[in-house]
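I open the notebook on this model.

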Amino acid sequence: MPKVRVDGANLWYEVSGDAEPPLTLIGGFALVDKQFEFCEPYLTPHHRILQWHYRGVGKSDWTQSEPYSVERWVDDLAAILDAAGIERTALWCTSTGSSIGLRFAAKYPERMHSLIAYPFIRVDDTWRNIYEASWWVGRVFGIEQLSRLYAGVVLPPDVLYSEEGIKYERWAKKQYAANVNMATLKSVLDAYSNVDLTADIRNIECPTLLLMGDDSALNENERMDSASHDTLMREFLAIKSDVDKAEISGAGSTYCMITKPRECCEAVVAWLAGLQD
């Protein structure tokens with residue numbers, strides 16, 4: 001598996017498939033590439049797929065010579081694209097990875113073919129509390145319990161305690177344990193805690209598709225309304241309305257590609273194919 005050295009850190013990436021345009025995937029901080037694991041059979045016949053881990057998580061170095069930041073991760077992605085020989089890419093980002101993807105699209109428009117994104121805009125007190133709670137759960141109960149915390153709010157309620165939900169939880173625990181390091185978790189979460197992408201979203205020039213599931217416990221929780229489907233979609237569209245939407249029915253929020261991978265990938269592949277016509 002190749003790595004590229006960027007400012008003292010070895011960054012992991014992997015390329016599979018050979019179809020065009022290339023499609024770069026950015027998952028959340030705990031699942032990273034595994035957030036798209038169930039999508040691979042549906043994507044690789046149609047696109048060259050670039051997976052990567054940003055510094056501080058997974059198989060990239062956990063070096064902390066400087067504080068982590070979304071800006072640092074965005075520049076790391078540009079270096080990885082150079083190493084992989086990819087000049088322009090379609091980019092699919094979700095969960096906390098959306099901060100990186102949306103900022104990348106605004107900062108490097110010349111490298112963007114198109115963008116598929118979870119409609120994240122800014123961190124408010126709700127999001128800061130989520131990140132702080134994540135740190136304390138990991139510290140007190142252990143990294144593996146973080147997967148249960150997030151499953152409880154982003155999986156559809158009827159899936160959460162089903163056989164499917166239990167199977168997911170057993171799988172997710174292993175991914176969290178492999179990708180999250182308590183030595184860097186606080187710094188990773190702090191990097192997200194003051195993000196405001198309002199201006200960046202206005203400056204995105206490439207074709208954009210908003211993609212998320214329409215069902216999760218967030219939609220019934222008033223205290224977390226700013227992270228709910230309706231609020232995220234409404235506030236993003238108020239800033240940038242010239243986008244397409246793919247709302248995956250019955251799928252869980254940022255975990256739509258886990259709960260309904262085929263439907264998510266069909267939406268993405270069809271939308272990208274339409275841009276080629």
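I started with Lys59: its charged end sits over the ring of Trp12, 4.3 Å from the ring centre. The criterion is NZ of Lys or CZ of Arg within 6 Å of the ring centre and within 35 degrees of the ring normal. This is a predicted model, in which local features need pLDDT of at least 70, side-chain atom pairs count only at pLDDT 80 or more, and totals for chains, interfaces and linings use all residues. Residues are numbered from 1 along each chain as its sequence is written, and side-chain values use heavy atoms, without hydrogens and water.

Next I looked up aromatic pairs and found 14. Rings of Phe, Tyr and Trp (its six-membered ring) pair with centres within 6.5 Å; planes under 30 degrees apart are stacked, over 60 edge-to-face, the rest tilted. Trp73 and Tyr192 are tilted, because their planes stand at 45°, with centres 5.3 Å apart. Trp73 is in helix H2 (residues 70-84) and Tyr192 in helix H8 (residues 182-192), 119 residues apart; helices are DSSP runs of H or I, at least four residues, and strands runs of E, at least two, numbered from the N terminus. Phe120 and Trp127 pair edge-to-face, at 5.2 Å and 90°. I noted Phe120 as buried at 2% relative accessible area (buried is under 20%, exposed over 50%, partly exposed in between; 1.4 Å probe, protein chains only).

Then I checked Arg111. It lies in the loop between helix H3 (97-107) and strand E6 (112-117). Arg111 is buried, at 11%.

Glu144 is partly exposed, at 38%.
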